[in-house]
Amino acid sequence: MGIELIIGAIKAVVIVVMVLNLAGLLLWFERKGSALIQDRVGANRAAVFGIGRRLGLPNLGLMNTLLADPIKLFTKEDFAPDGADRFLHGLAPFLALFPVLVAFAVVPIGDVLKIGSYSINLQAADLNVAALYILATLGVGVYGIALGGWASNNRWALLGGIRASAQMISYDLAMGLAIIAVVITYGTLDLQEICRIQGGVWFGWIPRWGILVQPVSFILLLTAGMAESKRVPFDLPEGESELVAGYFTEYSGGKQAVFMMTDFAEIVLVSVLITTFFFGGWQVPWLYRDGFHFPGGAYLALPNVVVAIAGVAAFFIKTLVFCWLQILVRWTLPRFRYDQLMRLGWKGLVPLGLANLLVTAFIVVAVEAKY
Amino acid sequence: MPLWLFIFLAVVAIIGAFGVIIQRSPVHCLLALALTLFDIGVLFIGLGAETVGFLQIIIYVGAIMVLFLFVIWLLNLQTEADGGGHLALKFFGSTAAAALAAELFVFFSKAAAPTARMGLVAKDYGSIELLARMLFSDYLVGFEVTSVLLLAAIVGAIALARRTPAELVRSGSTVKSGSGARCRRRWAISWG
Amino acid sequence: MPTPLGYFMGLSAVPFAIGVAGVLIRRNIIVMFMSIELMLNAVNLAFVTIGRRMASMDGQVIVFFVMTVAAAEAAVGLGIIISLFRNRETVNADELNLLRW
């Protein structure tokens, strides 16, 4: 009992630290990546005591985003606007961040890692209703945004908050439908099981990844996920040219930092969900627990630690690819108008999700009925 | 579920419930209620009913409470200014509710056999398969009727809360003449 | 040490009574409505506990139905409140007294 508690606590801490670090890394991706896309330079000034200036290190912008910006944000004055609800104004950013961080508890980073006689399942919480848990945390995530907008005593913030929460609950539905279709295909709600089922190959060489079985769900989840995290093209709630900064107009300093962290943590969450459901999670093609089994018949035996680390590395690479995809989409597409956004959600994605669900259910029953 | 965890959740639930009825601002009441419902969802999970527990969080905390929040904003309800008045009602109401609480507490605690522990249940108790199996076999009629009920509720809520186009024109939110053609043309431009 | 089920049942009585007090004491219709939801959830807890005692899924199925009906009722009830507000400009139960003698 004691050792399991310690292992569980270590896993939880590792995952939270990993997510927060990824969020910071994504901030850097975003600044330099957007600069690359927009044909400009981006952040390139900050350096610590001039170290590396001859080598051109400040041009990478790392000091800027990873050191200077957080220090600036967290040492700013912390205030609540006049007439605003102080308690809610302070609570809202954390209420927004909390569900996104705890959603990572059920995400499987890798297969089992055998240390001595312990098999550690590389997943912080082994729930067998993990997909429902993800939907629950996404539903609770609406509160921080809505209250942040309302508690600012500012009509533009309130408008942004209302739009954001309406958008989030609409696209919650589309996401739920996409996830349900995937769950029906795999027959289980447990994310680690879903990753494991995506091992193996078809026809000897095609890995059994979810995207080949559920392409429509992939599109749905990607779109709905980007709308959930209020990224462009769905970022009307924080419409920079229209609502000043939408629901976080009246936030500065540490609270704004927490809101931005929420934004980036949600990008990571959506990428992680897409990776787990559709791209095999930590599965490396042709890598099984004892080593590589290549399609030609070649076999390479590997110790368990190497297999586990390869799985974790594969997971991170896939997640970063999808984070980059979302950043790319952000700096490419213009923003949707609010009624277009709502129309897409309710009249486009929800019927598509339902049709997908119907077809998936038919096919699953038909395939099983053969046996 | 360990006793210390239960005591913690029980205290949070009771504080949340008091928060609902005592606080002046409707939004604060709503947040207290959301906390209580979340807490009860966790209690469900502790009792082994995982699916129902998470469904409670998804449906109640994630959807119904947000609906309440929207209505509070739509009606622009402020913090209630006068907290006094109706002292007799409050006194007798509280006393009656306290008596009810005491009686129910004693009654319910003994209802499940006071020292009954959580017995052993099937390994997949509370899983979504078992729940679905029961819903689609023993309780099928209820399930189908509930879906019709939800449809009726949706139609009813829209019918109650909408404003007819005539009312919208009267309140100045819409321009009447020629708006149909202009809307269609604008839509064509935005999609084209 | 696992918790005896009687504790859960006793706990379910308390939010129920608090909900009753809320309906009696508060005059704001939305808060009264919230107290009703509180009562419904206390009863849900009792159902799940008894279901666990009987080691059967019936309690959870009933809770499922109660949740669905409560959602429908919340939607319609809030529609009524909106409609009422549009006509009477108030949500204070004391001022909604057209049908009183």
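In this predicted model, the contact between chains A and B draws 17 residues from chain A and 15 residues from chain B. On the side of chain A that touches chain B, the elements giving two or more residues are helix H4 (130–140), helix H5 (142–150) and helix H6 (155–186) of chain A. H4(A) supplies the largest share, 6 residues. By residue class, this side of chain A divides into 12 nonpolar, 4 polar and 1 charged.

Within chain A, helix H1 (residues 2–37) packs against helix H9 (residues 254–278). The axes of H1(A) and H9(A) lie 9 Å apart and form an angle of about 100 degrees. Angles of 65 to 115 degrees count as roughly perpendicular, and H1(A) and H9(A) are therefore roughly perpendicular to each other. H1(A) contributes Val19(A), Leu22(A), Ala23(A), Leu26(A) and Leu27(A) to the contact. H9(A) contributes Met261(A), Phe264(A), Ala265(A), Ile267(A) and Val268(A). The residues of this contact comprise 10 nonpolar, no polar and no charged. An α-helix has 3.6 residues a turn, so residues three or four places apart point the same way.

In chain B, helix H3 covers residues 50–74. With 25 residues at 1.5 Å a residue, H3(B) should span 36 Å. The end C-alpha atoms of H3(B) are 34 Å apart, which agrees with that expectation. H3(B) is mostly covered, with 20 of its 25 residues buried. Asn76(B) follows H3(B) and has a positive phi, near 50 degrees.

Methods. Residues are numbered from 1 along each chain as its sequence is written. Chains are lettered from A and ligands numbered from 1 in the order in which they are written. This is a predicted model: local features need pLDDT of at least 70, side-chain atom pairs count only at pLDDT 80 or more; totals for chains, interfaces and linings use all residues. Axes are lines fitted to C-alpha atoms, for helices over the stretch in contact, and angles run from 0 to 180 degrees between N-to-C directions. Helices (H or I, at least four residues) and strands (E, at least two) are DSSP runs, numbered from the N terminus. Angles under 35 degrees count as roughly parallel, over 145 as roughly antiparallel, 65 to 115 as roughly perpendicular and the rest as oblique. Two residues are in contact if their C-beta atoms, placed from the backbone, lie within 7 Å. Ala, Val, Leu, Ile, Met, Phe, Trp, Tyr, Cys and Pro count as nonpolar, Asp, Glu, Lys and Arg as charged, and the others, Gly among them, as polar. The expected span of a helix is 1.5 Å times one less than its number of residues. A residue is buried if 20 or more other C-beta atoms lie within 10 Å of its own, exposed if 12 or fewer, and partly exposed in between; C-beta atoms are placed from the backbone.
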